Amino acid sequence: MPSKTSTDSQFMARLGEIRKASETEGPAWLLPKKEAAWNAAVSKGFPTRKDDEWRYTDLSPLFSLPVVASRADGGPEGRKSGDKFLAPEDIAVVIANGRLPEELPVIPDEAKGLTLKKFSAVSEEEFRNWLAPDFSQPTDLFSGLNTALNYDGLWIHVPAQLQVKPVIHLCHVASEATAVNVFCPRVIVTAEPRAEARILMTFSSASGAAASFTNALTDITLGFGAKISLAVIQDESHENFYIHSARVTQHKDSSFDSFILTTGSRLSRNNLAVTLLGERAETLLKGLSLLQGDRRADHLTAVNHIAANGTSNQLYKGILNGQSRVVFNGKIYVHPDAQQTNAYQLNKNLLMGDHCRVNTKPQLEIFADDVKCSHGATVGQMDPNEVFYLQSRGVPQKTAVAMLAKGFVDEMFPQARDSVLERFLLTVNPLLGAVAH
Amino acid sequence: MDKEPLEKTSQQPLEKDKLSSGEYKYGFYTSVDADLAPKGLNEEIVRLISGKKGEPGWMLAWRLKAFRHWQTMTEPHWANFQYDPVDYQGIHYYSAPKKKADGPGGLEEVDPEVVRAFDRLGIPVSEQKRLSGVAVDAVFDSISVGTTHQNELAKYGIIFCPISEALQKHPGLVKKYLGSVVPYTDNFFAALNSAVFTDGSFCFIPKGVRCPIELSTYFRINAAQTGQFERTLIIAEEGAYVSYLEGCTAPMRDENQLHAAVVELIALDNAEIKYSTVQNWYSGDKDGKGGIYNFVTKRGQCRGNNSKISWTQVEAGSAITWKYPAVILQGDDSTGEFYSVALTNHRMQADTGTKMIHAGKRTRSTIISKGISTDQSNNTYRGLVKILPSAEQARNFSRCDSMLVGNQCSANTFPYIEVDNRSATLEHEASTSKINADQIFYLQSRGLDTEAAISLIINGFCKEVFQELPMEFAVEAVKLLELKLEGSVG
């Protein structure tokens, strides 16, 4: 590997020290995978802006993050920092500083059959039946690092026909009472035919927590007719770096939707890859970035239509204040066999700050002829006429701006409110109010 | 219009093979005595080309600088196509039809075969055809063989001549503008072109002049194992206007020939340049054998306030197209436009689009791109819209539509949108779809056969672009698409 800058290799070396601490942890089936992932990551090195997928995001600030390799998890006090997102009716797992709790929650009767298991408790047979495919997927650098540095992962398995009513809430917190600052949470979700579940992932930091780097990896596999919905709220502190890679595999007739809200972290990157492997699969991807200060959010989506009659829809919006910057790089790939695919993509950005920046790169790669694919992108500012109209009706200027900003994002929130959406609005509403300032 | 013969001369081969999928009608080869430089590329060749042209010393020095820079560069491979490596040492960098006598002279001194070749192409280079409303500069392999209407244009102060002639007659103007939009360091092919360019057109419209006729250059590659490296430079001074057309063809050969051109446009205050291209280089046969590698750098600079540059292109030929006509919108209130139809068939690969760089205040740009892929071809739109921090209230609208005809082709869209100023407003939309079966059926039920129906639908699909072309070019473009699509739909 040609050495790029000394800092990225130094950072890799610091990660190597963390790895030493977790090298021998985990079940026997996992250890060789961790070893291989680490070696691959070292030989690959960090991407640079010459890599097309990282064209607009410079990783170098990450390399100057001091890395601490302690194993403390912050204890019960630290776990409380994610409280604002917790709801009593959920099946909640608090993942503090990237580490799973000692005891996983008890599954309530209404979700009987649902399995939550740590990787360390997964048997060799379960691994072969359910988890092996996710460990043999080709990985990019960050998902490889996740495998190599993860202490213990979580496996969520929804058996056939089961509709899990309560929300499965994975509450990630970075707490103050810790020295650890590189978190690599890993989740694998497998849904058997016609299973249904809703998963909420929240990422937040306690005030006063040290600057940290979250490098999450989530794999979701949907069996025939299964339905999974993934909601992510990323509200970490301003000092943090956040990279979340999610890989979704959809079989016949399955339906997947996701909603990613990005508000925190100085640099956040969401890699979302969905493969529509079976016919008639449906995908809906939504993303909302509300950014202030000099925060940066980078969304990379890749929707692969492998089989026929699939439908995918992407809607990503951003409101930018200050010197913030948002990147949207959406890819739709339609395989030659994926006839009668409908694939749509829309990216809209509202620029509020004087020095904010937008880079959008919607891509279509189409190899089948009987398809309908489209993408659109807009970048603009608030219409002064609309603000003036509201002012002329007696609405103060700031309120008018906030109202219009709310109007801009409203179509992302369906009319029917549920407990997951309530938690989105809990984060979104105060930010919309602050847009005008 | 004198464009007529274009269709007429090609009647015979066309009729015969009417249904055998898009026969290339300009594939003939003209046997002429040529003055051919030895194969290969080195400083000697660069000196030889410069010597042949009797260029001033600074020009040779510039070429050598470009050549030395080119040697340090590597061929780019980021575009969405694959091709066999080009052997840069296996090409003749200079090939000129021999004149009967040395020294400057009129068209009568050009080999009559060359004149006949242009007649077959329908290009009026001979004296008696100069009545037509288009001034033509005809470039055959490495040199310009004739430019029409020069005297009439001179009355307006317009200079329209081969660039090698401009280097002798107007060296000051060439020196001032050459390489000011596309420096030789710009990219691999621009550096190569800067070192070895042989001819091309030079066009200068002085202040306040509206060019009364359309200017046109017709490029013809004839000799085997040669490359064509032309350089075009168009300058419109304050308040000037010019409409410029470019056409290109080449014989059918099994080898791949290289065409690496550089086009630079400069528009000063309130000036307007309209540049239209119908590119129909030989694209190779059904199995992808032969055809031109078309690696072109085209860039315009709206240097003055309220200036306008408009690119219109119909890309229907070349085995490989790598072309991104760009506009740098530097002057306040300047406008950039890009209208494109790219049709690929057989195994053609096209990676084309535009770049709009907004620097001035209230600059506006429009992009309309239509891609049609058939057979086993690969058609890519790649475009960049960049709003620099200085571009207050910039505005862009982009639309890229792709149509797929057949299930072995591909259509790709890679737009890059970079906004660094909050007051900008941008809209981008793209779609990809199949030719609509209901529409075909409707037209069939009205008595049209399938091919006529498809041709009508494609025409409608491309209408927004065709209407930007000068009239006779639009007619030619429509015919060209019809010819290319023949037999490719079933």
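Predicted model: local features only at pLDDT ≥ 70, side-chain atom pairs only at ≥ 80, totals over all residues.
Residues are numbered from 1 along each chain as its sequence is written, and chains are lettered from A and ligands numbered from 1 in the order in which they are written.

Between the chains, 30 residues of chain A are in contact with 27 residues of chain B, contact being defined by C-beta atoms, placed from the backbone, that lie within 7 Å. On the side of chain A that touches chain B, strand E18 (357–366) and strand E19 (372–380) each supply at least two residues; strands, labelled E, are DSSP runs of at least two residues, numbered from the N terminus. E18(A) gives the most to that side, with 10 residues. By class, the residues of this side of chain A comprise 13 nonpolar, 10 polar and seven charged. Here Ala, Val, Leu, Ile, Met, Phe, Trp, Tyr, Cys and Pro count as nonpolar, Asp, Glu, Lys and Arg as charged, and the others, Gly among them, as polar. E18(A) also pairs with strand E24 (residues 410–419) of chain B in the antiparallel sense over six bridges; pairing requires that DSSP find at least two bridges between two strands.

Within chain A, an automatic or database assignment gives domain 1 (6–278) and domain 2 (382–437). Their centres, taken over C-alpha atoms, are separated by 32 Å. Domain 1 of chain A brings 11 residues to the contact and domain 2 of chain A brings eight.

Strand E6 (residues 186–191) of chain A is mostly covered, with six of its six residues buried, that is, having 20 or more other C-beta atoms within 10 Å of their own, C-beta atoms being placed from the backbone. In a regular strand the side chains alternate between the two faces of the sheet. In E6(A), A:Arg186, A:Ile188 and A:Thr190 point one way, and A:Val187, A:Val189 and A:Ala191 the other way. Strand E3 (residues 154–158) of chain A runs parallel to E6(A) and is joined to it by five bridges, with A:Trp155 partnered by A:Ile188. Strand E8 (residues 213–222) of chain A likewise pairs with E6(A) in the parallel sense, over six bridges, and there A:Asp219 stands opposite A:Ile188.

Conventions:
Buried ≥ 20, exposed ≤ 12 C-beta atoms within 10 Å, placed from the backbone. Helix = DSSP H or I, 4+ residues; strand = E, 2+ residues; numbered from the N terminus. Contact = placed C-beta atoms within 7 Å.
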